[in-house]
Amino acid sequence: MQRLFFLNGDQDLSAFLLVNLGLVRFPDYTCSVSLPIFPDRNNLLAYDEALGIAQIMDQSLDEYNLETIVRCINLCNSHIPKSFEKEIQLSVPDSPLKFFSHFSAAWVYSKVLFLGVSVFEHERRYEDAVGLLRVLLSRFTSDSRRGHWLLRLSVDLEHLGGLDESLSVAEEGVLDPWVRAGSKMALQRRIVRLAKPPRRWKVPNCAHLLKRKIKEVNINGRPLNCETGAKNIFYGYDGDLCGVEQLALQYYAGDGGSWQGIHSESGIWMTIFGLLMWDIIFSGVPNVFHSKFQMAPLDLDTDDFYVAIKFHIEAHLKLIQDGKAEEILTSSWKSHCGTSCRGVNWERHSLSELQTVVAYIGGHCLASLCRHLAQDYRSWSSGMPDLLLWRFHGDRDVGESKLVEVKGPRDRLSEQQ
């Protein structure tokens, strides 16, 4: 009953108490449910059973009990339906909503199988890893995780010496509409590296996309430690010990151009998105709010979120682009400060700091950022650069801003970054 009500394993009946005591506040929205997540008892029990197997898998991974891990993988592989779409269609006949699939046994089993891929790769059992990846790709044809799966399949096929097939998988992957963000770029890099004569005589179409050069600035710091695997600690310009991001902030504040800034990564952007899009996120779309204890609609991580209310989202983004962002952000902060919302961190950034950031990023960039997150929150909510910098010019009415990714001596950019 608890799982059926909250639809997750994180919340329990204490949520009622926390709300009654005023310790936690959830957003105000309308629960309009016309389609059940679980159409019958059997679907719920199958989902619950799958979660039990997933929990055993997690415990086995912590202990690295290979025998139990393999048993979980085999069990999930035998239980997973032949067609992911068929199961969803049978479960909810009238629902086109993709996020319903996240509450199916098949979805849970697929997550366990992908964990199994990582284990087999670690054990250098690449044929077994390839087998699981082929199962996932054949049965889950409309899934935003396909990018990760196709990338791993291409890599594992190369480990097995199948360079031609590895290249073919990468080429098919970049054409897959479900392959996005960092996974797509990683596959493009593989194509450029593998598509050499005699496998391919023509220069890949994606080659020019990877030639963009980002400006690099080298900062010389005095490290306290040089241990492999340990986080780098430096002596800052002020003489105190600091991390590599703080060292970069000190550099940019001084000789680097008198920039003000913060170490933000993706956090500040999720907060800005939540505040700017608050009324859109909690607009009361049918079937996305099932209880009064949600921090986001159930469809936020899927394409459904944008598709369902595209007209309203684009109208709101037009306001942001036309210079209303600071006004919208300020209004959201004053109306909802302290209310739980996914991605919004009320403690880390002050209102004045967020207002400054929004003012100097500009409406065009903010609207583009919010559109990307609205269309595909799952893909774009990670990987943003470490530092956000801004500075004024002349009479302080004109300013500029920029993003900086900071890497230590042994770090490298991920494809998502």
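Modeller: Start with the charge pairs. This is a predicted model, and the structure holds 17 salt bridges.

Biologist: Which residue forms a salt bridge with Arg134, and how far apart are the closest N and O atoms?

Modeller: The partner is Glu165, and the closest N and O atoms are 2.6 Å apart. Now look at where each residue sits. Arg134 is in helix H7 and Glu165 is in helix H9. The two are 31 residues apart, so the pair links distant parts of the chain.

Biologist: Are Arg134 and Glu165 buried, exposed or partly exposed?

Modeller: Buried means under 20% relative accessible area, and exposed means over 50%. Arg134 has a relative accessible area of 36%, so it is partly exposed. Glu165 counts as partly exposed too, at 36% relative accessibility.

Biologist: Which residue meets Asp322 in a salt bridge?

Modeller: Lys318 does, at 2.7 Å from N to O. Here the sequence spacing is what to read. Asp322 and Lys318 are four residues apart in helix H15, so about one helical turn separates them. Asp322 is partly exposed, at 46% relative accessibility. Lys318 is also partly exposed, with a relative accessible area of 46%.

Biologist: What about Glu405: what is its partner, and at what distance?

Modeller: Glu405 forms a salt bridge with Lys407, and the closest N and O atoms are 3.5 Å apart. The cut-off is 4 Å, so this pair counts as a salt bridge. Glu405 is partly exposed, at 23% relative accessibility. Lys407 is partly exposed at 31%.

Biologist: Which residues are linked in a network of salt bridges?

Modeller: Glu158, Arg190 and Arg193 are linked in such a network.

Biologist: Now the helices. What describes two packed helices?

Modeller: The angle between their axes and the distance between the axes. Take helix H8, residues 146-159, and helix H9, residues 163-175. Their axes come within 7 Å and cross at roughly 165 degrees.

Biologist: Why are H8 and H9 called roughly antiparallel?

Modeller: Angles over 145 degrees count as roughly antiparallel. H8 and H9 cross at roughly 165 degrees, so they are roughly antiparallel to each other. Then read the handedness. The crossing of H8 and H9 is left-handed.

Biologist: At what angle do H7 and H8 pack, and how far apart are their axes?

Modeller: Helix H7, residues 126-139, packs with H8 at an angle of about 150 degrees, and the axes are 9 Å apart. That makes H7 roughly antiparallel to H8. H7 passes H8 in a left-handed crossing. So H8 has a left-handed crossing with H7 and a left-handed crossing with H9.

Biologist: And helices H15 and H16: how do their axes cross?

Modeller: H15 covers residues 310-336, and H16 covers residues 351-361. Their axes come within 9 Å and cross at roughly 160 degrees. That makes H15 roughly antiparallel to H16. H15 passes H16 in a right-handed crossing. Recall that H15 also holds the pair Asp322 and Lys318.

Biologist: One last feature. Which residues form a nonpolar patch on the surface?

Modeller: Leu17, Leu18, Leu21 and Leu23 form the patch. Together they have about 400 Å² of accessible area. Leu17 is in helix H2, residues 14-20.

Biologist: Is Leu17 buried, exposed or partly exposed?

Modeller: Leu17 has a relative accessible area of 49%, so it is partly exposed. A patch residue needs over 30%, and Leu17 has 49%.

Definitions and conventions. Residues are numbered from 1 along each chain as its sequence is written. This is a predicted model: local features need pLDDT of at least 70, side-chain atom pairs count only at pLDDT 80 or more; totals for chains, interfaces and linings use all residues. Side-chain values use heavy atoms; hydrogens and water are left out. Patches are made of residues with over 30% relative accessible area and no salt bridge: like charges are joined within 9 Å, nonpolar side chains (Val, Leu, Ile, Met, Phe, Trp, Tyr) within 5 Å. Accessible areas come from the Shrake-Rupley method with a 1.4 Å probe; for residues, only the protein chains shown count as cover. A salt bridge is a side-chain nitrogen of Lys or Arg within 4 Å of a carboxyl oxygen of Asp or Glu. Buried means under 20% relative accessible area, exposed over 50%, partly exposed in between (1.4 Å probe, protein chains only). Axes are lines fitted to C-alpha atoms, for helices over the stretch in contact, and angles run from 0 to 180 degrees between N-to-C directions. Angles under 35 degrees count as roughly parallel, over 145 as roughly antiparallel, 65 to 115 as roughly perpendicular and the rest as oblique. A crossing is left-handed if the near helix is turned anticlockwise from the far one by less than a right angle, and right-handed if clockwise.
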